[in-house]
Amino acid sequence: MAAATAAHGGNLATGLRPSTRRRPPLPLKVTGKVNFNNSPPPIFISTDIAHINPHHLKELYVLCNHSSHRFPNVDAGGGVEPIDLVKLRTAVSHSSVVVSAFTKPEFLTQGSSSGEVVSKFNGIGGDWIRKVTPENGRLIGFGRAVSDCGLTASIYDVMVHPALQGRGIGRMMVQRILRMLTSMGVYDIAALCSDKERLFFGACGFGDDTLKSTTMMYTRTTISPSLDEQAMAAGRKLLIFPPKR
């Protein structure tokens, strides 16, 4: 998933490229009514990988029902399978750019027994105008980019805590990632996203590729073993092995 990997439930991904057209801000996920006048709480955006606690990041994946698999396993309630912590650590450590967002824990409260998360505050005021840091804040946003740091880059796993979606936090994180990539001289930046996320990435400056290129994903289903080999499906993998002698 490039420029923001969105691997939710089997939606076909679409490759996008940055556009020079300016568009009004849109939320990370367009689901239901959105109040564009709803300002975000005080937040701190970090580009330091040391500020990310892998366990807290895994919890954010669960809260956002986000999976790095394009076709994740989904339970009866629509929840995607939890991401593997070891793979998550590896992916983050090998990312070229990592962005995380934090706010005070008091701005979030757990909802009813259904696990629904609701926002406790709608604005900024009083004692809440205080500096937020990764040390006193809670992880509420994440995004990363993979790049050769010279020519091309892709952005993956952009997500925002459900209680704070629609407040511009996702767009701020993408803008930070884009600034860091362009400061390296990288301008060929792609986004591989689901149909639901096209509006969000459009608001961040992405559009259809002017070269009319098509994103193709390796599916492991077109391998044709030779006559002296056998193939066997194992979950998402296709195992190739020689026949018994």
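I will go from the overall picture to the core, then to one strand, and end with the cysteines.

A word on the source: this is a predicted model, in which local features need pLDDT of at least 70 and side-chain atom pairs count only at pLDDT 80 or more, while totals for chains, interfaces and linings use all residues. Residues are numbered from 1 along each chain as its sequence is written, and side-chain values use heavy atoms, with hydrogens and water left out.

The protein has 4 helices and 11 strands, where helices (H or I, at least four residues) and strands (E, at least two) are DSSP runs numbered from the N terminus. Of its 245 residues, 40% are buried, and buried means under 20% relative accessible area, exposed over 50%, and partly exposed in between, with a 1.4 Å probe and protein chains only.

Let us turn to the interior. A nonpolar core is a set of buried Ala, Val, Leu, Ile, Met, Phe, Trp, Tyr and Cys residues joined through side-chain atoms within 4.5 Å. The largest such core holds 27 residues, and I155, M173, V174, I177, L181, I189 and F206 touch the most other members. Elements that each supply at least two residues to this core include β6 (138-147), β7 (152-160) and α3 (169-183), and the largest share, 6 residues, comes from α3. M173 touches, among others, I45, V99, F142 and V158, not counting residues up to four places away in sequence, and contact here means heavy atoms within 4.5 Å.

Now to one strand, β3. Why is β3 described as largely enclosed by the rest of the structure? The reason is that 7 of its 7 residues are buried, with V97, V99, A101 and T103 on one side and V98, S100 and F102 on the other. β3 pairs with β2 (residues 44-46) in the antiparallel sense over 3 bridges, and 7 bridges join β3 to β6, also antiparallel; two strands count as paired if DSSP finds at least two bridges between them. S100 in β3 is the bridge partner of S46, and S100 also stands opposite F142 in β6.

Finally, how many disulfides does a search of the whole structure find? There are 0, a disulfide being a pair of cysteine sulfur atoms within 2.5 Å.
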